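I opened my notebook to get to know a new structure. Here is what I looked up, page by page.

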Amino acid sequence: MLPQAAEPPWAFGDAGGADPVGAFEHRFRAAGGEVVRLTGEAVARGWLDDFAGEFETVSVCTGVPDALQPALPPAPPSQAALGVSLAVGAAAQTGSLLLSSREGRQPQLLPPVHLIWVRAREVRPTLGGALQAHRENLPAVLALHSGPSKSADIGQILVTGVHGPGRVIAAILGADA
Amino acid sequence: MRVSFFVTCLGDRFFAEAAADAVRLLRSLDVDVDFPRNQTCCGQPAWNAGHVPQAREMAAHTAAVFADADYLVLPSGSCTAMLRRTYPRLLESPAVADRSYELAEFLVDVLGVTELGRGLEGRRLAYHHGCHALRELGVAEQPMRLLESAGADVVPWEMDQECCGFGGLFSVKNPEVSVAMADRKLDTLPHVETVVSADGGCLLQLEGRARRRRMRLRFRSLASVLWEARRGNE
Amino acid sequence: MSSHDYRARARRIIEETPEVREAVTAATRTFVDHRRDAYADLDEIALSGWAEQVKSHVLTHLGDYLEEAEARLVERGAHVHWAETASDVHQIFERIVREHGVQKVVKAKSMLSEEVALNPFLESLGVEVFETDLGEYIIQLLGEPPSHIVGPSIHKSLDDTRVIFHERLGTPRDASPERLAQAARGLLRDQFITADLGVSGGNFLVAETGSIALIENEGNIRLSTSVPRIHVAVVGIEKVLPRWADLSTFLQVTAKSATGQPVGCFVSIIPGPGGSPAGEPDGPEELHVVLVDAGRTRLLADPKVWEALRCVRCGACLNICPVYRQTGGHAYGYVYSGPIGAVVAPGLVGLEETLPLPFASSDCGACADVCPVRIPIPELLHVWRQRAVERGLSSSEERSVLSLWASFATRARLFGWAENVAGLVPQWVIRRLPMLRDWSSGREAPPADGRTFRELWDKGIK
C-alpha cells in the first residue's frame, strides 16, 4: 500500500513555516554559506557594487536581470572569478536554493565564488513544497545548492571548495534586512 | 508467587555462585523458586549459527521441561530473548515464551520492586548492556534502576551499549575481530574497578580479555550485585 | 578480492595496519554522532515506517514503475538501456565509447559501477578514467577499492593522503588538507573540462517524472554531469521512487542517515539531456540511462531476503556496526561491506561465493535500529546462515560440535555429566581444542573447576 506522498510537517520537526526566510538563512549559514538580506533592488544595487569590488571578472547566468548583474568584465565560466545566478526557488527546511539549467550551468559550478539571487517570496517552508512548484516544467537539471562545496575525505578533516564553489552567497531580495 | 529458575548452560557451569545469588535474591522477596532438573540449554548457540533443527530440538526440550511453569526467570538477557523472541518461530505456541523474564526485568516489571536495599552505597561500577537484553527485550531501565536505588554510582560509559564481541560462535569463528571489539569496550571504560553485566557470554568475553591484558578489573554478574544490594540491609 | 578470506583479511588489517581500525572507528563515530543529532527532534519511527512502505510498494510493482520511468525519459530525449549483467553494461559503454570516440571519462562515485567493474573495462578500451569524488580519487591513486559506501577513503589518514599526493601530484610532504584539496581540484578541473563523457550513478530514479536524483557535497557530480557532452548514468533498478512528491523526503532521510546533514550540498535532479536539444545554454546533449539488474531481480524474487533491496545506500548500518569498525570495508572482499553488504552480497552474487559474510556479525542488532527503511538486517543474516547450513556449507567440525551439543542438551543427565567432565579438563588441553583454541589466542579461558549450579542446588542454597 503506497502511503500519502507529502511528508507530514510534524515528521520533520519545525520546517520554518512561520519564518521561512529566517529558517533558510539559519540553515544556509550553518552549512557554511553566506546570506545577505536586501530590501529591494535599489539597496541590492548598492550592495552589489560594493561586493563586486573584490572580483576581476564575472560569468552570469542568463536568467539574471541586468540590474542584478555586477559591473565587471565578463569571462568564460572556467576563468571567471565570480559566478552569478538567479534561483528559481528555495526551501527553508533544508537551506536549499533551486537552480535551473535553463539559465546555464557552468557559471554556477566553475567559478570559485557563486552569488545566488533569490526573491524572499520564493522561499518555501518545505523542500517538498519548493520542488512541487517545478514538477510540470522541469529543466534538464533542477539543482539544489545548499552551501559551499565541501569534503571530509582527507583524513576526516573538512575542507571547502573542493570542486564546486568554495564560497556561496545567497542574496535575498525583498526581505526585511 | 512461584517461579521456575532457568539457570542456562553458561550459568550452570561458569556462574554457579551468581545463579545461587539470584535464587537467594528471589527468595528474599518471598518468591518460591523451583529448579526443574531436566533443564539444559536454550538452544541459542545452534540458532545463532544457523543450525535450525538442532535449535528446534533444544527448544522443544526446554519448552517441555518448563511446561508447567507460571514464570521462568533467567539470569541471562540473551537466553531470555531466545525464549521470548525465537521460540515462537521454532515451536507452535510455546507457552514459555510469554512467561520468560530476565532477572532484573522480573523484579521490576512483575514484582514491582523499586528498591532492593542500600547495599551498594558508594560503589562505583560500569554496566555493560548485553545486546539481546537491550535490543530484543528492551531491558535497560530495569537494571539501572535497581542498581542506582541501591546506592550504586553507575558511572557513565560512552560505549556501554556497544557489543562486546561475544556473539556466540562468532567469538571463535572470528576471534581477531571479536577480541578487537572487546578491546574497544575495555579501552573506553571509565575509571572503575567493577564491570557488571546480565549476560554470561559478555562476562566471559570481557573478563577473558581483561585478564589476558592483566587489567585490574572485577567482573560481576548482575545477579550477584543485586543480591549484594539487598543483603546490605541484613 | 574474495569474501572467503574475511577472517584472514580482518586479522591482517587489525594486526598489521592498526591505524586503519583507528581511522575507521573515528570516522564512523563522527557519522554516528551527526546522525543522532540530525534525528534528535524528528519522529524517526514515523519517517522510517513511511519510507519502508514507499520502498516496499515500489519494489513489489517494480516492472510498472520502471516502464513509467523509461517512458518519461525517452519523451525527454534520453536513451534508456537495459542491462541484465555486468557484461551487458560493458557492451553498452563500448558502443557509446566507439560511437563518440570517447578518450576521457570523468566519473562521479557510483557503487554500482564498482559492482560491474566499469573502470577496468573502460581502461581496457584505452579510455582514461578519472574518479572525481575526492575520496574515490584518493583510492584510485592508491589502487584500492572503496572501503565504505559513503566515504570510500575513511580508512586512510591525512598522512596517507599526503604521501600519495606528494608522489603523484607533487604537493609538499607536509601539505595541509586545504593544499591537498586544491591540488586535486586543479587537476580534476582540467579533466571536467576536457572529458568526453561523464559517468554517474543514481541515488534515486523518480518514475513519475523520469528523473535521476544525485546527492553529493563536493560538486563533482554536478560538474561530471554538466560539462562533458555526454552523460551516462548507471542506475540499479531498485533505485526507483514512485512519485515526484516522494523525492524530497528521501533526499533528506538519506542525507540525515548518512552524515547528519539536512541534505547534501548539491543535488542534481535530471529528467533529460541538456544543451541545444533542450534549448539550454550548456549541458550534455546526450543522456544515457543504463538500468542495471546484476542480480537484483533474483534477489527481489527471494521471499525471505528481498527487503534488502530497500537500501538507500546511506551507510548508517556500517557506521553503527561494531564489527565493521574494527576493520573497515576491505575485509569483506565485496563492494558492499558491513551489515548491508553481508545480506546483499549472497543475494546478488550467490551464497557460496560470498561466505562467510553472513557470519561476519556478532548479531548485536544495532544496524536494524538505524536503517531508515527498516531493513531487518539481523533477520536476513539469520536466513543466510540457515541456508548456509542447509546447503552443507558449514564446517564439518561445527556441524559435529552442534549436533553433539544438541544430543546432550536433550538428555538432561548426560548434559549434567558432561558439564562435570568439562570442569575436569585441564586448561592446557582446553586451549588446544579446535574451537576453544581460537578463544584462547586472545582471551583467558573461564575457570570451570568450581561447582556447577546443579551441585549447589542439590546441596541446598542458603
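**Entry 1: overall build.** I kept in mind that this is a predicted model. I began with chain C and found 23 helices and 10 strands. Its radius of gyration is 25 Å, close to the 23 Å from the globule rule for 462 residues, so chain C is as compact as a globular protein of that length. I also looked up the span of its C-alpha trace, which is about 90 × 55 × 45 Å along the principal axes.

**Entry 2: charges.** I found 49 positive and 61 negative side chains in chain C, with the centres of the two sets 7 Å apart. Over all chains, the structure holds 49 salt bridges.

**Entry 3: a pair within a helix.** I picked Asp49(A) and Arg45(A), whose side chains form a salt bridge at 3.2 Å, N to O. Both sit in helix α2 of chain A, 4 residues apart, about one turn of the helix. Asp49(A) is partly exposed at 44% relative accessibility, and Arg45(A) is partly exposed at 26%.

**Entry 4: a pair between strands.** Next I turned to Lys107(C) and Glu131(C), a salt bridge with its closest N and O atoms 2.7 Å apart. This pair links distant parts of the chain, joining strand β2 to strand β3 across 24 residues. Lys107(C) is buried at 1% relative accessibility, and Glu131(C) is buried at 2%.

Definitions and conventions
Residues numbered from 1 in each chain as written. Chains lettered and ligands numbered in written order. Predicted model: local features only at pLDDT ≥ 70, side-chain atom pairs only at ≥ 80, totals over all residues. Heavy atoms only, no water. Helix = DSSP H or I, 4+ residues; strand = E, 2+ residues; numbered from the N terminus. Rg over C-alpha atoms; globule rule 2.2 N^0.38 Å. Lys, Arg positive; Asp, Glu negative; His and termini not counted. Charge placed at Lys NZ, Arg CZ, Asp CG, Glu CD. Salt bridge = Lys/Arg side-chain N within 4 Å of Asp/Glu carboxyl O. Buried < 20%, exposed > 50% of the residue type's maximum accessible area, 1.4 Å probe, protein only.
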